[in-house]
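Biologist: Could you pick out the aromatic pairs for me, and then follow them into a close look at the helix packing?

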Amino acid sequence: MTGTLTVLGLESSCDETAASIVRRTDSGEAQVLASIVLDQAGLHDAYGGVVPEIAARAHAGKLDIAVERALDETGLAIADMDAVAVTAGPGLIGGLLSGVMCAKGLAAGAGKPLIGVNHLAGHALTPRMTDNAGYPYLVLLASGGHCQFIVVRAPDRFQRLGGTIDDAPGEAFDKVARMLGLGFPGGPAVEDAAARGDPRGFELPRPLLDREDMNLSFSGLKTAVLRTRDRLANGKCGGISDSDRDDLCASFQLAVAECLAGKTSRACHHFMDSGFSRSADRRPLLAVAGGVAANSLVRNMLSRVAEDTGFSFAAPPQEYCTDNAAMIAWTGLELFDRGHRDGLDLEARPRWPLDPDAPPMLGSGKRMAKA
């Protein structure tokens, strides 16, 4: 990779409307010149989750605002961009269409190349942007719609080692928060309640942890929380107590973290057994990406796994854990540098697996189709 490149990125796959301008300098350094994220949490609170139609309409009304703010922050114009990158999938089709159509208009109007980006690739390549990770490396992508162990070999070459066969962990956090009356989004709400609770307060299952593969399951854990809540609330007019709720959140959070940590350890060993060449100046890298990477307990336990298995560890800053357009701009930049271009016939793809050679994962999920 040589030469300075500047790319505008757009992200609208779920409930964040985002625009970002990212530059790669001559030295290869990534510079996030602007990162605008307009969330929709207030629009979906009453429903306990993302409503696709509401999200799509919000994206259509906010994309131009996000782009204008990003340009204003940097003092740049579309004419100064080397390319326009946009999330083309996977995700909610209405939001994807809003972003793709906006990006097509910007690219066509300014005569700039258009790059369609896989949203999951954006998360997977975030350690390249934030930590200058070298290929290949292992990433756990854990979010509201996905959970996969991915070996990242290039911006267009991925190998999936395993993943969730049902709910994604972020999805489970959202559902547990809803059943305990904690609101939406669920991840921060459950983590906040867990900080006041006893993580050993309730005995909850660790699904699939006894199996040697790298697949995960969170549906049964979520159901165990529901049954525990109902048992506690039985005969109590006011429902479960605040202390019971906090203990249940802490116990659930610990179960999720231990499932992720246990399977991550196996993925690390598999990565080393598959031929990674360790050298004196380069240790293998374990990275975590996606919204669940913002959870402090998950980050700490994965960091411990990395240390125990001889890996370096990378976790993005909080603002690049959840959906953002900086990761889309950076991935578009890397793809552009390798000669990728898309035409104005670029289509939005609600389902777009990173590893097309891997068998489909079971489960459809709440937010997005599983890869």
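Modeller: Gladly! Rings of Phe, Tyr and Trp (its six-membered ring) pair if their centres lie within 6.5 Å; planes under 30 degrees apart count as stacked, over 60 as edge-to-face and the rest as tilted. This is a predicted model, in which local features need pLDDT of at least 70 and side-chain atom pairs count only at pLDDT 80 or more, while totals for chains, interfaces and linings use all residues. Residues are numbered from 1 along each chain as its sequence is written, and side-chain values use heavy atoms, with hydrogens and water left out.

The rule gives 3 aromatic pairs. One of them joins Tyr135 and Tyr137, which are stacked because their ring centres are 6.2 Å apart and their planes stand at 10°. Tyr135 is partly exposed at 23% relative accessibility, and Tyr137 is buried at 0% (buried means under 20% relative accessible area, exposed over 50%, partly exposed in between, with a 1.4 Å probe and protein chains only). Phe271 and Phe311 form a tilted pair, with centres 5.9 Å apart and planes at 55°. Phe271 belongs to helix H9 and Phe311 to the loop between H10 and strand E10 (312-314), so this pair ties together parts that are 40 residues apart in sequence (helices, H or I, of at least four residues and strands, E, of at least two are DSSP runs, numbered from the N terminus).

Helix H9 (residues 242-273) packs with helix H10 (residues 296-309) at about 25°, with the axes 9 Å apart (axes are lines fitted to C-alpha atoms, for helices over the stretch in contact, and angles run from 0 to 180 degrees between N-to-C directions). H9 and H10 are therefore roughly parallel (under 35 degrees; over 145 is roughly antiparallel, 65 to 115 roughly perpendicular and the rest oblique). Residues in contact (heavy atoms within 4.5 Å) include Leu254, Ala257 and Ala261 of H9 and Leu297, Met301 and Val305 of H10. The contact of H9 with H10 has 10 nonpolar, 5 polar and 1 charged residues (Ala, Val, Leu, Ile, Met, Phe, Trp, Tyr, Cys and Pro count as nonpolar, Asp, Glu, Lys and Arg as charged, and the others, Gly among them, as polar).

H9 also meets helix H7 (residues 186-194), whose axis comes within 7 Å of that of H9 and crosses at roughly 110°. H7 is therefore roughly perpendicular to H9. Here Val190, Glu191, Ala193 and Ala194 of H7 touch Asp246, Cys249, Ala250, Phe252 and Gln253 of H9, a contact with 6 nonpolar, 1 polar and 2 charged residues.
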